[in-house]
Amino acid sequence: MLYLVINELTANTQVTILILEKNMATNTTIDFEDKDQFDAIAEQWWNPSGSLKSLHQFTPIRIEYIKNSIKRHHFGEWEKLRPLSNLQILDIGCGGGLLAEPMSKLGGIVTGIDSSLSTIEIARRHAKSSKLEIDYQVSTAERLADKGTKFDVIYASEVIEHVSDRSLFLNSIQRLLEPKGVVIITTINRNLFSFALAKISAEYIFELIPKGTHDFTKFVQPSELRSEAKEAGIILDDFTGFKPLLDGRFKFTSITTVNYGASGSLARPNI
Amino acid sequence: MQTNNIRILHGLNIIMVNKTPIVVVGNGLTAEVMCSALNYFGLEYTRLLSQRNDFVDTRTTTINMASQKMLSRLNLWSFSNENSTEIRNILVSQHKFSENCFDRNSEKSGLHFFLDGEIMAWTIENESLLKNCQKHNSKLPSNIENYYGNLNIEYTENGVEINDIRDKKWRTELIIACDGANSAIRKSAGLRSTSMATNQEAIVARINLNRLHHNFAVQRFLPDGPLALMPIRTQEAALVWSLSKTKSANIFNLSEGEFKRKIINALGDNFNKITLCSEKKIWGLKPSVTRSMGRPGLILAGDSNHSIHPLAGMGFNLALADIAVICDCLSSAKKNGLSFSHPSILSEYRARRRLEVEAIIAITQGLNRLFSYNSFKFKIFPSSLTNIGLGIMDSLPIKKQLAKIAAGGVLTSASLFSDV
């Protein structure tokens, strides 16, 4: 039993670390006119052995979840090599493009938005070297929604826990979604367990992170997300947990205690 | 299959860079099967062959059930009775073999593994398997290129750059190193491999028993190391005799007649009709394992990843399981739109291979030490301890478990191991 608890703690700490890592990379205040520092950040996003290593390890299961959700909503041509061909996909908070690039390789017409110019520059540069056409923009969901653009698939992975006004955010997604489109959100739960893990990570492992980097009150419970999305006109009808294994892999679980994904579509007018 | 060639103006010279998603390096069996398997999964690759003169491999390989299924799937399992032999019984003993050792129904001293007359494994001649693979692979639409000297490899964030001494260049997402136990690629990547200290060498030869072996593989644990006979055709056998380095040199240098007498002494007088039907060769035994199994941009397969004691004939089966798992990992990365250098591929590979590799190393090393290694404690209690060991192993659950593990596909699952 003790072993199981330790196992769970160690593995979950890893996920919490990666969320802190990602937060550091997106909310950086580094002066990007300094080329060396620019390159150092680029390395953080795409160096598989660098400080974002855990986020890379977390990528396959997030892609699987996004793919499963798209499939569940009857999108995609799954017998083809590029099953997402012709689907308009929006990656909100795309960072360096860890998810946007695979989605593009699978055939999606991908738009990636992030509030940080430096991050978008990194993403653009990497996409160019990967010979991928991804429309990266420094923008927010709200601004994009105001333009009237619509998407078949919208995902926001490890982003909603950093958003200051969740209801505005979900409302923007609702406006950006095609009538039969699918929305996918992955995030971290808010409870004593995830709080304790984040504290352990921050205090004992990532001592360099200033206190207060994360606002735990912004972490969102599945039930809250479900009801807030419903108010915004989105029905989230699937909640799946991501369980980290000690060997660095993740697997799907019905337990959403720490990391989880939620997906759904627009509420029909009569609901 | 088209390789994407890029020209770089380098001073006045134009250097061709061959761009390919996967590079397989190696001249041997593992590389051949790796290429067949990649092709089976629709994964594009370039094979790099070194320009060394390959020796003729007179060794045989044991193929277990899981491996046989995999080779069948890859259309590499088309052998005549001349070059594949079924193993239906395995007899392991500490004592000389009696006259009726090849009679399945007679009382045996030692451990007798069998599956009610079913096939347990096959003995295949390496050369014949290699020819099958080469014949099959020659029809594949793949790129095969030669390289000269040692490869200079640079792992960068955007992929792997490979150069040979003639300045031929390749750019790839992933190298699969199938370049054997002394892998130059593993060494140049600075990957640490753990070697088990042994002072053993193996003498390998093919012998004619001049009697029917009835598909028995026999193995005798001698104080200096195990002596195994793997059945070939109806009356022949591949001899693998592990010995301490000092003894192996002495025995290897004996005349044919004296060498035969040593074998008869070791196996029992009823083997007195044996004749040698090949030259004998000597192989260094240095079991080793590379726990990292690679690095971003590099995956080790087969002996470059782990070389084990040949007493159970499991080495090539482990290599095939590596290949099967690598293909699953690469295929799932491709389905997720991930590059082949994505770190999750190596984590997945490591997680799925670690258990079997470590178990087989522990079993082969353990058996070798428990039953034959000439260590101090066994000199004090030579027969009693090993008899207890054999007694424990003869207990049904352990024997069954060992047989299951040896059959393959138990500690590793992969799509290539499923039925055709």
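**Figure 1. Partly exposed B:E348 and its salt-bridge partner in the predicted model.** With a relative accessible area of 24%, B:E348 is partly exposed. In this predicted model, its side chain meets that of B:R352 in a salt bridge with an N to O distance of 3.5 Å. Both residues belong to helix 8 (residues 343-371) of chain B, where they are 4 residues apart, about one turn of the helix. B:E348 and B:R352 are also linked with A:D247, A:R249 and B:D328 in a network of salt bridges.

**Figure 2. Salt bridge between A:D237 and A:R72.** Of the 19 salt bridges that the structure holds over all chains, this view shows the one in which the closest N and O atoms of A:D237 and A:R72 are 3.0 Å apart. Because A:D237 lies in strand 6 (residues 234-244) of chain A and A:R72 in helix 4 (residues 59-72) of chain A, the pair ties together parts that are 165 residues apart in sequence. A:D237 is partly exposed at 44% relative accessibility, and A:R72 is partly exposed at 34%.

**Figure 3. Salt bridge between B:R171 and B:E161.** The closest N and O atoms of this pair are 3.1 Å apart, and the pair links strand 12 of chain B, which holds B:R171, with strand 11 of chain B, which holds B:E161, the two residues being 10 residues apart. B:R171 has a relative accessible area of 23% and is partly exposed, as is B:E161 at 26%.

**Figure 4. The second largest pocket, with a volume of about 1,400 Å³.** Its lining comprises 48 residues, of which A:K105, B:P21, B:E173, B:S339 and B:F340 lie nearest the centre. The lining residues divide into 15 nonpolar, 21 polar and 12 charged.

Methods
Residues numbered from 1 in each chain as written. Chains lettered and ligands numbered in written order. Predicted model: local features only at pLDDT ≥ 70, side-chain atom pairs only at ≥ 80, totals over all residues. Heavy atoms only, no water. 1 Å grid on protein atoms, 1.4 Å probe; cavity = no way out; pocket = protein on both sides within 12 Å on 5 of 7 lines; lining within 4 Å. Points joined across faces, edges and corners; volume = space filled by probe spheres on them. Nonpolar A, V, L, I, M, F, W, Y, C, P; charged D, E, K, R; others polar. Salt bridge = Lys/Arg side-chain N within 4 Å of Asp/Glu carboxyl O. Buried < 20%, exposed > 50% of the residue type's maximum accessible area, 1.4 Å probe, protein only.
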